[in-house]
Amino acid sequence: MMRHASFENGFDNFFQHRLAKRAYQFASQHAHTGSRADFWPQLFSAEKADPFRIYSPRLETVWPNISHPFSDRRDWFTDKTIIKMMETIPVMKEEDITANYMRNIQTLNAAVKAVQ
């Protein structure tokens, strides 16, 4: 039988005490700029001129601030049936994908440098 995540179990799995504590500490101690250099400065740099790390710009560098003229301030979330649908999402096996992520980012970076 396939395991399914309930709304509460999904949050329990995600917010494990250790992970939640570390995430909270990190968020409390680091200003979020939108650059990957915020959380992985050994591999990424927010400075384009850094030849030793992959360039990951700050959000404000690549996207301007935009004012959105919302005409309607009503809450758009009115249909709670989506929560039932979320309960059918299978629970994923906990797995560390850091090495795969790093390899993919380095491959993409090498490809970008090859065409420049």
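Tutor: Start with a term. Helices and strands here are DSSP runs, numbered from the N terminus. Keep in mind that this is a predicted model.

Student: How many helices and strands are there in the chain?
Tutor: The chain has 5 helices and 2 strands. Along the sequence they follow the pattern α-α-β-β-α-α-α.

Student: Now the empty space. How do I read a pocket?
Tutor: The general idea is simple. Rolling a probe the size of a water molecule over the atoms shows where empty space is left. Take the second largest pocket, with a volume of about 340 Å³. Its lining has 14 residues. Ile54, Tyr55, Asn109, Val112 and Lys113 lie nearest the centre.

Student: Which element gives the largest share of that lining?
Tutor: Helix 5 does, with 5 residues. Strand 2 (54-55) and helix 5 (98-115) are the elements that give two or more residues each.

Student: What classes of residue line this pocket?
Tutor: The lining has 7 nonpolar, 2 polar and 5 charged residues.

Student: Next, the core. What should I look for?
Tutor: In soluble globular proteins, nonpolar side chains tend to be buried together. In this chain of 116 residues, buried residues make up 12%. The largest nonpolar core has 6 residues: Ala37, Trp40, Leu43, Phe44, Ile54 and Ile105.

Student: Which residues does Ala37 contact, leaving aside neighbours within four places in sequence?
Tutor: Ala37 is in contact with Phe44, Ser45, Ala46 and Ser56.

Student: And aromatic rings? How do I describe a pair?
Tutor: A pair of aromatic rings is described by the distance of the centres and the angle of the planes. The count here is 2 aromatic pairs. Trp40 and Phe44 are edge-to-face, at 6.1 Å centre to centre and 65° between the planes. Trp40 and Tyr101 are stacked, at 5.8 Å and 20°.

Student: Why does the pair of Trp40 and Tyr101 tie together parts that are apart in sequence?
Tutor: Trp40 lies in the loop between helix 2 (17-29) and strand 1 (44-45), while Tyr101 lies in helix 5, so the pair links parts 61 residues apart in sequence.

Student: Are these two residues buried or partly exposed?
Tutor: Buried means under 20% relative accessible area. Trp40 has 16%, so Trp40 is buried. Tyr101 has 28%, so Tyr101 counts as partly exposed.

Notes:
Residues are numbered from 1 along each chain as its sequence is written. This is a predicted model: local features need pLDDT of at least 70, side-chain atom pairs count only at pLDDT 80 or more; totals for chains, interfaces and linings use all residues. Side-chain values use heavy atoms; hydrogens and water are left out. On a 1 Å grid over the protein atoms alone, a cavity is a set of points where a 1.4 Å probe fits but cannot get out, and a pocket is an open set with protein on both sides within 12 Å along at least five of seven lines; lining residues have an atom within 4 Å of a point. Grid points are joined across faces, edges and corners, and a volume is the space filled by probe spheres set on the points. Helices (H or I, at least four residues) and strands (E, at least two) are DSSP runs, numbered from the N terminus. Ala, Val, Leu, Ile, Met, Phe, Trp, Tyr, Cys and Pro count as nonpolar, Asp, Glu, Lys and Arg as charged, and the others, Gly among them, as polar. A nonpolar core is a set of buried Ala, Val, Leu, Ile, Met, Phe, Trp, Tyr and Cys residues joined through side-chain atoms within 4.5 Å. Buried means under 20% relative accessible area, exposed over 50%, partly exposed in between (1.4 Å probe, protein chains only). Contact means heavy atoms within 4.5 Å. Rings of Phe, Tyr and Trp (its six-membered ring) pair if their centres lie within 6.5 Å; planes under 30 degrees apart count as stacked, over 60 as edge-to-face and the rest as tilted.
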